[in-house]
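Hi everyone, thanks for coming.

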Amino acid sequence: MTANLRCRYLGLDLTGPIVASAGPLTGRLDTLQRLEDAGASAVVLPSLFEEEIIATAFHLHDMHGQGTGVFAEANSYLPDLPEMPTDADRYLDLVADARERLSIPVIASLNGMSAGGWVRYATELAQAGASAIELNVYLMAADPADTAATVEDRLLDLVLAVRAAVAIPIAVKLSPYFSALGNVAEAVAGAGADGLVLFNRFYQPEIDLQTLTVVPSLDLSTQADLRLPLRWIGVLHNRVPCSLALSGGVHNWADAVKGLLAGADVVMTTSALLRLGPEHVRELLRGVSTWLDENDYESVEQLCGSMSQQSVPDPDVYERSNYLKVLRHGSAKYLPQFVRLED
Ligand SMILES: Cc1cc2nc3c(=O)[nH]c(=O)nc-3n(C[C@H](O)[C@H](O)[C@H](O)COP(=O)(O)O)c2cc1C
């Protein structure tokens with residue numbers, strides 16, 4: 001018997017557990033179509049950035065104002081420029097077009113700076129037909145005057161405001177950098193989020209020694225990046241009242257199976273698709289399906305969470321209990337090539 005791959009995420013019925021997360025391949029209709037054809041059960045569009053919209057608006061305002069200061073009377077007219085679509089307009093068109101073209105859910109992603117901006121654009125995304133909204137929360141708590149409570153309150157206020165403004169499902173893509181992540185996850189769900197995406201990937205700046213400048217850098221993930229979200233999905237499964245999506249380090253079908261075993265309702269992938277193309281989704285699905293059949297699982301839903309912290313015989317393994325053992329094992333494995341251990 002072939003296992004049933006269907007699953008539920010954010011209250012949406014999905015054909016399978018592989019979702020294409022936000023990235024360049026989800027920003028174009030042609031690659032979106034290829035992702036659907038390969039079996040992606042939903043797509044998350046790249047984020048709409050509030051600061052980009054504001055920058056474009058300022059730029060357009062400057063263009064409209066050009067020349068108006070040259071003559072006194074010039075201040076009374078504005079040059080007749082054609083209506084230019086803004087980044088937000090183009091994004092809303094992408095949402096509407098993707099919804100029309102695809103039969104799978106299209107999740108819009110929003111990265112805001114101000115509470116007003118989050119609410120305004122969330123409302124517009126919902127009106128454009130988005131099946132759900134993923135809030136890409138990228139808050140850097142860099143100001144020493146900010147307390148953990150202030151940062152968390154800011155996050156919860158955003159979620160509450162967006163929740164009050166739209167009726168479609170909301171997911172919140174969290175960063176792993178909270179001192180009490182479990183509590184934050186629960187509070188975000190309590191504020192009305194239908195799901196959490198673990199995790200947002202912070203891109204770290206790099207120092208260029210040639211130019212002596214600090215430059216942004218973006219590397220694709222590796223399979224080693226799976227461990228952090230895997231642990232937290234395992235810990236939070238069945239403990240927070242919302243869906244869980246794993247994002248980070250899913251490169252092959254085995255990574256996907258691990259994410260589902262830990263308790264993700266869906267696993268998301270971007271880097272692997274950028275390396276191997278949208279059709280890689282087909283390989284991921286085929287691998288998951290074969291593994292389920294070979295291991296006598298009837299469905300993805302049956303698999304989901306069967307190795308979460310609450311389901312394994314030694315729950316401590318998700319927390320600290322093996323820390324010492326792991327360090328000792330690492331020493332025994334790596335040190336002997338440099339020293340004689342009996343010395
Ligand atoms: C080139 C690139 C662009 C991305 N753009 C976005 C984005 O616009 N919004 C967002 O929330 N995440 C964005 N991401 C992050 C991915 O959605 C994903 O969370 C992250 O890459 C970890 O998953 P992975 O290991 O499967 O790549 C981007 C990632 C890459 C590599």
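Residues are numbered from 1 along each chain, as its sequence is written. And keep in mind this is a predicted model, where local features need pLDDT of at least 70, side-chain atom pairs count only at pLDDT 80 or more, and totals for chains, interfaces and linings use all residues.

Most peptide bonds are trans, and most residues other than glycine have a negative phi. Now look at the bond from leucine 198 to phenylalanine 199: that one is cis, with omega near 10°. Phenylalanine 199 sits in the loop between strand S8 (195-198) and strand S9 (205-208).

Next, asparagine 238 has a positive phi of about 70°, and it's not a glycine. You'll find asparagine 238 in the loop between helix H7 (227-236) and strand S11 (243-247).

Aspartate 296 also isn't glycine, and its phi is positive, near 60°. Its loop runs between helix H10 (280-294) and helix H11 (300-303).

Last stop, strand S4, residues 42-49. Is it covered or open? Mostly covered: 8 of its 8 residues are buried, where buried means 20 or more other C-beta atoms within 10 Å of a residue's own, with C-beta atoms placed from the backbone. Strands pair if DSSP finds at least two bridges between them. S4 runs parallel to strand S3 (residues 18-20), with 2 bridges, and parallel to strand S5 (residues 106-111), with 5 bridges.

Technical notes. Helices (H or I, at least four residues) and strands (E, at least two) are DSSP runs, numbered from the N terminus. A residue is buried if 20 or more other C-beta atoms lie within 10 Å of its own, exposed if 12 or fewer, and partly exposed in between; C-beta atoms are placed from the backbone.
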